[in-house]
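Let me put the model up on the screen, and then I'll walk you through it.

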Number of protein chains: 2
Amino acid sequence: MPTMTAEQRRAWAKAEFDAYMETCPTSRLMAVLGNKWTTMLLTRLAENGTMRHARLARAVPGISAKVLTQSLRALERDGLVARHVTASVPVQVDYTLTVLGESLMPVVATVRQWADRHMPDVEAARGAYDAARAGDPVPAPARSLG
Amino acid sequence: MPTMTAEQRRAWAKAEFDAYMETCPTSRLMAVLGNKWTTMLLTRLAENGTMRHARLARAVPGISAKVLTQSLRALERDGLVARHVTASVPVQVDYTLTVLGESLMPVVATVRQWADRHMPDVEAARGAYDAARAGDPVPAPARSLG
DNA sequence: CTGTATCCCATACGATACTG
DNA sequence: CAGTATCGTATGGGATACAG
């Protein structure tokens, strides 16, 4: 018999992996920014200063209420967004970028600049790559976070 | 009966969503960089110029052969990495950053700088947030992409 | 050496319905 | 208005085994 069950080995390997990943701030930050709505939400908040839940929902088409809340909670937990509750008749909840969150915006801007300049190249590369296997057209480019 | 089945509505909604997301290069770029191994692989290639599959596997602890290939394929499809096959006895496959891939590295560097400076703050915020619900210690910080 | 096939799990995301 | 609960799906990632 082996010294570990498959499950034990899995757990050990995962722990080892996590330990390594723990050592990489960049990967961890990318995991945050890589969430579908993160850059969009941060950008909207940076533009408007303070926004309520409903306004954010309107400002970000396609997001569901659940995921909006979930995303904002994650950003709050990360210290990027501050949540302020006003106990009025229907409660009012305001979201604002923290100082930490604001400090991240130049990074997002840098990412956006590259994206606006070069994502068409990426799309073209994808089109070319896929064309070498089937026949699929490529959609038109557009501005970021419009 | 309704004009659409639930599945049709789902498909339509997804199409609408995709159409919107299609318009956001930043989100699309973040989706690429947000993949677990993307920044790590790009960084290793930027450091070493050209690397073989096995060397990359050694340079990136924790990644499985399957996911390494999968990740490299995605980067190749995106035009960020070039794959060159040398038909020797055991085939030799080399991976290199393309010009497009190299142009992305300053962006990654910007992200890394912020991460090295501020991820400890994020970790601290997480610790504080979680401490308000249970009792969980926070691990120590470390340098990026070491 | 490089890559594929298979199976499995965790999680992000989304639809819907419901509460204070 | 803001948020939660529940359910379902899609996908990324990983283990293992195998092939060119």
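So, start with the crossing of α3(B) and α6(B), which is left-handed, meaning that the near helix is turned anticlockwise from the far one by less than a right angle, with right-handed used if clockwise. The residues in contact there are Leu42(B), Thr43(B) and Ala46(B) from α3(B), and Leu104(B), Met105(B), Val108(B) and Arg112(B) from α6(B); contact here means heavy atoms within 4.5 Å. By class, that's five nonpolar, one polar and one charged.

Quick housekeeping. This is a predicted model, where local features need pLDDT of at least 70 and side-chain atom pairs count only at pLDDT 80 or more, while totals for chains, interfaces and linings use all residues. Residues are numbered from 1 along each chain as its sequence is written, chains are lettered from A and ligands numbered from 1 in the order in which they are written, and side-chain values use heavy atoms, leaving out hydrogens and water.

Back to those two helices: α3 of chain B is residues 38–48 and α6 of chain B is residues 99–131, and they pack at about 115° with axes 11 Å apart. The axes are lines fitted to C-alpha atoms over the stretch in contact, and angles run from 0 to 180 degrees between N-to-C directions.

Now, helix α2 of chain B, residues 25–33: eight of its nine residues are buried, which is to say under 20% relative accessible area, with exposed being over 50% and partly exposed in between (1.4 Å probe, protein chains only). Among the buried ones are Arg28(B), Leu29(B) and Met30(B).

Why does Ser71(B) count as buried? Because its relative accessibility is 17%. Ser71(B) sits in helix α5 of chain B, and beyond its neighbours within four places in sequence, Ser71(B) touches Trp37(B) and Leu41(B).

What about the two chains together? Chain B superposes on chain A by a rotation of 180° with 0.0 Å of shift along the axis, RMSD 0.0 Å, so the two copies are related as by a two-fold rotation axis. Gly34(B) is the chain B residue that comes closest to that axis, at 2.0 Å for its C-alpha.

Last, chain A overall: six helices and three strands, in the order α-α-α-β-α-α-β-β-α. Buried residues are 36% of its 146.

Terms used:
Least-squares fit on C-alpha atoms with pLDDT ≥ 70 in both. Helix = DSSP H or I, 4+ residues; strand = E, 2+ residues; numbered from the N terminus. Nonpolar A, V, L, I, M, F, W, Y, C, P; charged D, E, K, R; others polar.
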